[in-house]
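Hi everyone, thanks for making time.

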Number of protein chains: 2
Amino acid sequence: MVALRVNKSHSEADQPSSPVVRFEADQPLKLDAGTLLSPFQVAYQTYGDLNADKSNAILVCHALTGDQHVASPNPVTGKPGWWQVLIGPGKVIDTDRFFVICANVIGGCLGSTGPASTDPATGKPYALNLPVITIRDMVRAQLMLIDHLGIDQLFCVIGGSMGGMQVLEWASSYPERVFSALPIATGARHSSQNIAFHEVGRQSVMADPEWLGGDYLVAGRRPEKGLAVARMAAHITYLSEAALHRKFGRNLQDRDRPTFGFDADFQIESYLRHQGMTFVDRFDANSYLYLTRAMDYFDLAADHGGRLVEAFAGTKTRFCLVSFTSDWLFPTEESRSVVHALNAAGASVSFVEIETDRGHDAFLLDEPELFAAIDGFLRSAARAKGLAVR
Amino acid sequence: MVALRVNKSHSEADQPSSPVVRFEADQPLKLDAGTLLSPFQVAYQTYGDLNADKSNAILVCHALTGDQHVASPNPVTGKPGWWQVLIGPGKVIDTDRFFVICANVIGGCLGSTGPASTDPATGKPYALNLPVITIRDMVRAQLMLIDHLGIDQLFCVIGGSMGGMQVLEWASSYPERVFSALPIATGARHSSQNIAFHEVGRQSVMADPEWLGGDYLVAGRRPEKGLAVARMAAHITYLSEAALHRKFGRNLQDRDRPTFGFDADFQIESYLRHQGMTFVDRFDANSYLYLTRAMDYFDLAADHGGRLVEAFAGTKTRFCLVSFTSDWLFPTEESRSVVHALNAAGASVSFVEIETDRGHDAFLLDEPELFAAIDGFLRSAARAKGLAVR
């Protein structure tokens, strides 16, 4: 059973059920770690049609445990795409009008080159021999995909959480390629507390003896327990205290009184265990290490001499930032500091703070105010770019 | 090395470096789980002298990972007692005037009966054969100790966090035995989010293959990695985001630039790893399971038909509650709801919310406002009880 999963996961890394662009030795990926990654590949999905002048492309950047299946069923889980409530024919991001692209990030585990991919030097999975990946590396690979697709300027780059970091990086590194940018529930750097939670998750994975120093795939094993605990800890940070109280409170699971044991007595315990167990079926443990590390390293101000305004100097990109009042992973304050920097850089920027108790995960949910904000911003940007508006 | 630690931990459970009261078969401990624990023992420390009319006794209740060594060096770590800043000769809780008692809780691992203690039925450590312990069980055992010491009424019961839960339980179950009560940074129940964090910690311990279904002691092994990860996750909740930012920010550890690897690059990572590693040297993993479970089960209102006011009906105990603005484990709101219930019950109650960025752990630190609040409350209570006041 474990071996079956491993085989699936390993082949998924090299042969995903998505289109793939493979960049050979003549097109290496320059990494912040100081090395070149080559060959490498990017797996992606597209929705809708690119118009004649290639001006209607929207790039969606996914979060830590997301993937390219943003608006169609996920082939691994069978569930709807992670933003299918937002993106599709006639939806807020209308694929009858826009050409939507979403690529699995470098370091991921659903088809783009990551630690589970085959290292051409050894014929075995990279595991920890893959250099550490940064948010900028992910964006650099996406740029090569966009070039490959022949798109000069993206109409919009949008994403939440780690996806929002990529949006900020895109707007900072390639402003002329981004007409509008929509970073949601994110920040220009990862806070000390966020690094702390990620470190707990990594230590949990690495403490699992099945991790084998990262070489579990060749051994036909998987650090499932360690990864499940990592996911459980992380999942708490995606919700708010108020939402947990509203959804679960101190309600017991299938029973009238506590069992006076260590089973999942409380609904919140059973919910968290389920989150942990289902996660390990769809995610690679080493990818989890690499992607959490990429988020930890992200610090856009530090990349510009400590001044965030310099990250956006002279930008002509139109921005809309969105935060959620109960998001304690990326509190409003983090978005506000980006807004301040954008204002100081003279950028066109709007900012929407949405009142909700649903925490960080609100960006993935059917949140009417979020959809209204995205809709309004895209309409305004489409008019400014001269695209047809419904 | 591991075996050495195990022997030490195991013998510590039965023969601690503290006085012990052993309750034999004629004095079983009635447990909420519905069974009797017998024989059992309580290890405790005292400081100062009990006065002639036995009216100057202060019981200190320790928190999750605390112990009875509240005001003298800890024999396991060699560090000062955990509240030695507050308690001692001439200090705020002046042992020249008060007789201070602190007992290791039932379920703990420093001398009172817990999962590492020898089960008389098998001659081996109880491990998971110990019934689940509740806060009320801990207090029931403390009451037996207080009876043993011949003390009719405690002048004050004081404690923070899980210690504060015990204070509330004391005041609710034995109001005539408690002249004054000082619950700090606590609540009348454990919230859904707090249960969630505890469940992550328990799953981390139980995921460690060295845990062996709880039977690691007889096998001469210890689930050190799982327990360390549990401690790391919990430790984040004891601090505030602001304190983490102030103390660590995104500062790197002993280096100018990130290593692009999975070593502890950031100071916060190295700090957390240290917290995890030192914890396993002084704490028993099964005790961690039992004591987190006890906190999760605590719900004083539920024990009184869902009405917290009923928990304190007719009380004559004088109360002072203290909370900290940046404590997100036991937010001020939790203390406030206890204050409301006490007001509704007609109790004498004062409430101090202290402005600090130090989070939940503030109750353990040299916090002048906390000391002033305790000092003022004890002076007033001493006058009311007719004790000599400095």
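This is a predicted model: local features need pLDDT of at least 70, side-chain atom pairs count only at pLDDT 80 or more; totals for chains, interfaces and linings use all residues.

Chain A has a mean pLDDT of 95, with 96% of its residues reaching 70 or more.

Okay, back to B:Lys54. I picked this residue for its backbone: phi is positive, about 55°, although B:Lys54 is not a glycine. Most residues other than glycine have a negative phi. B:Lys54 counts as partly exposed, at 32% relative accessibility. Now look at B:Ala185, in the loop between strand 12 and helix 4 (192–207) of chain B. Its phi is positive too, near 45°, but B:Ala185 is buried, at 0% relative accessibility.

While we're on backbones, here's another one. Most peptide bonds are trans. In chain A, though, the bond from A:Ser38 to A:Pro39 is cis, with omega near -10°. Over in chain B, a cis bond joins B:Ser38 and B:Pro39, with omega about -10°. A:Pro39 sits in the loop between strand 3 (36–37) and strand 4 (40–47) of chain A.

Next, the active site. Where does the record put it? UniProt, in an unreviewed entry, places the feature "active site" at A:Ser161, A:Asp327 and A:His360. They're spread over 200 residues of sequence, yet they cluster in space, with a largest C-alpha distance of 10.6 Å.

Take A:Ser161 to begin with. You'll find it in the loop between strand 11 (154–160) and helix 3 (162–173) of chain A. A:Ser161 is buried, because its relative accessible area is 7% and the cut-off for buried is under 20%. Outside its sequence neighbourhood, A:Ser161 touches several residues, including A:Met295, A:Phe330 and A:Phe363.

A:His360 is in the loop between strand 14 (348–354) and helix 10 (368–385) of chain A, and is buried as well, with a relative accessible area of 2%. Its side chain makes a polar contact with the side chain of A:Ser161, at 2.8 Å. A:His360 also touches A:Asp327, and among its other contacts are A:Thr237 and A:Tyr238.

Last stop: helix 10 of chain B, residues 368–385. Its 18 residues reach 25 Å from first C-alpha to last, close to the 26 Å expected. Which residues of this helix are buried? They are B:Leu370, B:Phe371, B:Ala373, B:Ile374, B:Phe377, B:Leu378, B:Ala381 and B:Ala382. The spacing makes sense, because an α-helix has 3.6 residues a turn, so residues three or four places apart point the same way.

That buried side packs against several strands of chain B, including strand 11 (154–160) and strand 13 (318–324). On the other side of the helix, B:Pro368, B:Ala372 and B:Arg383 are exposed. And just after the helix, B:Gly386 takes a positive phi of about 80°.

That's my tour, thanks!

Conventions. Residues are numbered from 1 along each chain as its sequence is written. Chains are lettered from A and ligands numbered from 1 in the order in which they are written. Side-chain values use heavy atoms; hydrogens and water are left out. Helices (H or I, at least four residues) and strands (E, at least two) are DSSP runs, numbered from the N terminus. The expected span of a helix is 1.5 Å times one less than its number of residues. Buried means under 20% relative accessible area, exposed over 50%, partly exposed in between (1.4 Å probe, protein chains only). Contact means heavy atoms within 4.5 Å. UniProt positions are given in the numbering used here, feature names are shortened, and annotations may be inferred rather than shown by experiment. A polar contact is a pair of N or O atoms within 3.5 Å; within protein, one must be able to donate a hydrogen and the other to accept it, and residues adjacent in sequence count only if both atoms are side-chain atoms. pLDDT is the predictor's confidence in each residue, from 0 to 100.
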